[in-house]
Amino acid sequence: MTDTRYDRAPGDGFTPANMEEGPETGVLVYTVGLLLAVILTAISFWVANTSLLWTPGVSLGLTALAIAQMGVHLVFFLHVTTGPNNTNNVMALAFGVLIVVLVVAGSLLIMADLNESMIPAELMNLHMQH
Amino acid sequence: MNVNVALEEDVRQGARTIASEAGPAPKRIVVGYGFWIFLLSDIVMFAALFAAYAVLAHATAGGPSGAQLFNQVSVAIETACLLASSYTCGLMSLAIGSQRRLRTYVAAVFTFVLGAAFLTLELREFAGMIAAGAPPQRSAFLSAFFTLVGCHGLHVTVGLIWLVVMMLQIAVKGFRPTVERRLLCFSLFWHALDIIWVWLFTVVYLMGVQS
């Protein structure tokens, strides 16, 4: 019974149950996460302010950096891994990400389309005057 | 033949230890998973606010735009505070795992101070914007901005109150399983807020300065 493979609670990297690595490993994991997050944040701020890069590509680069940093946070701070004891957590996360993408991308797409097919402001004012 | 036997042995081992035959999972796992689901629904709510902001980002109605209002230095300091606070929160959960009271308190104090510093900077930024003629009712862009960033700030405020309550519970009740489960939920909440902030400073502040 002792080796029953329950799923791990999210965020539960180093509970007494799976403490064989010792608390030093825990500190190391958080520190590596912090360093990676600081590096990615610094690159984000640099990319936003530099004039060296091709401007239209900057927002795409910022998006990629943000997604990378969210991944770092998920793995090093929330301890969401691809291990078999994490399947439920990852499935829930995947569903959450699906909804987020649908809401954000869907809203942007629909509103951009509506804006394009809207009556120009001058014509609108003419209509209003009647 | 030997390989087959070994495989069968593996299958039997696996069948004996699957979770569904061992009864319900420990409460810590159930509670953590339930709170994880709540956090994901919270993130979906933030997604709706992000979508509103992204749609309205250029609807300034002749008022000030993001590029004129945002101060990147202050945003960088806020980001550093929240990131460091997330790190000390991680150290706090390690201290809780090994049930060390003093380390828990020290890490909690750092987490609280850094979170409070973040909140103070954000409130000063809001006050400065309102004083400079950019209150939420000025334009759709500013309404969306204050809703999105304010909602995150409200979450941080709730997190700070929660942290104080949890420290009082440790002082009064000690490291009981119930208290430890609540602390697990708190650290999940705090790390999730940091993830939302990463999204927020990229979309609102860094991309806002671009255009």
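# A guided tour of chains A and B

Begin by selecting B:Leu188. Leaving aside its neighbours within four places in sequence, B:Leu188 is in contact with A:Pro10, A:Gly11, A:Leu78, B:Phe35, B:Trp36 and B:Leu39; two residues are in contact if their C-beta atoms, placed from the backbone, lie within 7 Å. The model is predicted, with local features needing pLDDT of at least 70 and side-chain atom pairs counting only at pLDDT 80 or more, while totals for chains, interfaces and linings use all residues. Residues are numbered from 1 along each chain as its sequence is written, and chains are lettered from A and ligands numbered from 1 in the order in which they are written.

Remain at B:Leu188, which lies in helix 7 of chain B. Helices (H or I, at least four residues) and strands (E, at least two) are DSSP runs, numbered from the N terminus. Is B:Leu188 buried or exposed? B:Leu188 counts as buried because it has 24 C-beta neighbours inside 10 Å. A residue is buried if 20 or more other C-beta atoms lie within 10 Å of its own, exposed if 12 or fewer, and partly exposed in between, with C-beta atoms placed from the backbone.

Next, select helix 6 (residues 140–173) and helix 7 (residues 177–210) of chain B. These two helices pack at an angle of about 160 degrees, and their axes are 10 Å apart. Axes are lines fitted to C-alpha atoms, for helices over the stretch in contact, and angles run from 0 to 180 degrees between N-to-C directions. Helix 6 of chain B is therefore roughly antiparallel to helix 7 of chain B. Angles under 35 degrees count as roughly parallel, over 145 as roughly antiparallel, 65 to 115 as roughly perpendicular and the rest as oblique.

For a further stop in chain B, select B:Val106, in helix 5 (residues 101–131). B:Val106 counts as partly exposed because it has 15 C-beta neighbours inside 10 Å. B:Val106 and B:Cys81 are 25 residues apart in sequence and 16 Å apart in space, C-alpha to C-alpha.

Now turn to chain A. Chain A has four helices and zero strands, and buried residues make up 24% of its 130 residues. Colour domain 1 (1–81) and domain 2 (86–130) of chain A separately; the bounds come from an automatic or database domain assignment. Five residues of domain 1 of chain A are in contact with six residues of domain 2 of chain A.

Finally, show both chains together. How many residues does each chain give to the contact? Chain A gives 47 residues and chain B gives 43. On the side of chain A that touches chain B, the largest share, twelve residues, comes from helix 3 of chain A.
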